[in-house]
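Dear colleague,

Please find below the structure that I am handing over to you.

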Amino acid sequence: MYAAGLVLVLLFLSSAVKILNEYERGVVFRLGRVIGCKGPGLILLIPAVDKMVRVDLRVVAMDVPAQDVITRDNVTIKVSAVLYFRVIDPNRAIVGVENYLYATSQLSQTTLRSVCGQAELDELLAEREKINEHLQEILDKDTEPWGVKVAKVEIKNIDLPQEMQRAIAKQAEAERERRAKVIGAEGEFQAAQKLSDAAKIIAENPIALQLRYLQTLREVAAENNSTTIFPVPIDLLTPFMQMAKMITPAPPAQTKE
């Protein structure tokens with residue numbers, strides 16, 4: 001008799017006393033009507049009258065399975081993503097939708113296909129951050145009536161067909177070759193400009209050419225380990241060269257027959 005009474009007391013306490021963690025809230029129904037959201041801590045309920053549904057307020061990381069997408073430029077790809085969200089209104093999350101986790105998952109899949117299908121392949125590959133922000137805005141707006149806040153959406157992977165991968169690889173290789181040729185042409189152009197500037201300076205200052213001669217002779221002597229004889233200053237050669245020109249007879253003029 002006492003044992004049966006003890007069991008009844010334990011059943012009463014287990015149905016009347018609830019403890020919620022810091023990250024949990026309890027939506028309490030009394031005879032089918034919502035009377036409020038309680039927690040965290042100790043919660044007292046009326047057995048057989050009140051019913052409580054726990055709601056986790058922590059951020060949920062949900063994988064969005066790979067979706068078959070046809071882009072705007074008619075390329076078939078597979079796109080997967082990950083979704084971060086949390087419940088901000090437990091009452092609406094329980095009353096507004098049958099299962100907010102399942103509903104959010106289904107909505108994220110359809111939205112991913114829709115948004116990626118409106119973009120071209122190059123846009124998906126180059127502007128992924130922009131696509132992520134667009135997905136987050138749409139999902140956050142659509143889940144707001146359910147008391148769900150979508151904090152972030154990230155596209156995880158974009159699977160391309162084999163022929164498209166080869167085409168992209170060829171395009172990247174051609175781009176690298178183009179850049180190499182442009183850099184080489186720019187280098188030759190700059191070198192030509194510097195040589196032109198140097199020629200102008202030497203033309204305006206002939207002594208610079210003589211200094212260049214001396215530097216070249218010193219380098220040749222050091223590298224070949226040989227003895228090199230040259231007049232110093234080099235201007236001493238100029239009178240001899242002029243005399244040689246005067247002494248050398250002019251070639252006979254050709255007579256017309």
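A salt bridge is taken here as a side-chain nitrogen of Lys or Arg within 4 Å of a carboxyl oxygen of Asp or Glu. By that criterion D140 forms a salt bridge with K149, with the closest N and O atoms 3.0 Å apart.

Before I go further, some notes on the basis of these values. The model is predicted, so local features need pLDDT of at least 70 and side-chain atom pairs count only at pLDDT 80 or more, whereas totals for chains, interfaces and linings use all residues. Residues are numbered from 1 along each chain as its sequence is written, and side-chain values use heavy atoms, with hydrogens and water left out.

Salt bridges

The search of the whole structure finds 13 salt bridges. For the accessibility of the partners, buried means under 20% relative accessible area, exposed over 50%, and partly exposed in between (1.4 Å probe, protein chains only). D140 counts as buried because its relative accessibility is 18%, while K149, at 33%, counts as partly exposed.

Within it, the side chains of E144 and R92 meet at 3.3 Å, N to O. E144 lies in the loop between α5 and β8 and R92 in helix α2 (residues 90-95), so this pair ties together parts that are 52 residues apart in sequence. Both partners are partly exposed: E144 has a relative accessibility of 41% and R92 one of 30%. Helices (H or I, at least four residues) and strands (E, at least two) are DSSP runs, numbered from the N terminus.

D68 also forms a salt bridge, with K78, at 2.5 Å between the closest N and O atoms. The pair links distant parts of the chain, with D68 in strand β6 and K78 in strand β7, 10 residues apart. D68 is exposed at 51%, and K78 is partly exposed at 38%. These two residues are bridge partners in the strand pairing as well.

Sheet and hairpin

Two strands are said to pair if DSSP finds at least two bridges between them. Three strands form an open sheet in the order β6-β7-β8, with antiparallel pairing. Its edge strands are β6 (60-70) and β8 (148-159), each of which pairs on one side only. Neighbouring strands of this sheet are turned by 25 degrees against each other on average, direction ignored. Axes are lines fitted to C-alpha atoms, for helices over the stretch in contact, and angles run from 0 to 180 degrees between N-to-C directions. Nine bridges join β6 to β7 (residues 76-87).

Two helices lie across strands of this sheet. Helix α3 (residues 100-117) lies across β6, β7 and β8, at about 35 degrees to β6. Helix α5 (residues 128-143) lies across β7 and β8, at about 140 degrees to β8.

Elsewhere, strands β2 (residues 24-30) and β3 (residues 33-38) run antiparallel and are joined by five bridges. They form a hairpin with two residues between them, and L31 in the turn has a positive phi of about 55 degrees. V27 stands opposite C37 of β3. C37 is partly exposed at 36% relative accessibility, whereas C116 is buried at 0%. The structure holds zero disulfides (pairs of cysteine sulfur atoms within 2.5 Å).

Nonpolar cores

A nonpolar core is a set of buried Ala, Val, Leu, Ile, Met, Phe, Trp, Tyr and Cys residues joined through side-chain atoms within 4.5 Å. The largest has 34 residues, of which I77, V79, L83 and Y100 touch the most other members. The elements giving two or more residues to this core are β2, β6, β7, α3, α4 (121-126), α5 and β8. Another core, of five residues, lies apart from it and includes L20, I43, L45 and M52.

Contact means heavy atoms within 4.5 Å. Leaving aside residues up to four places away in sequence, V79 touches P65, A66, Q67, V69, L112, C116, I155, N157 and I158. V87 lies in strand β7 and is buried, with a relative accessible area of 2%. Beyond its neighbours within four places in sequence, V87 is in contact with V55, D56, L57, A93, Y100 and G147.

Yours sincerely
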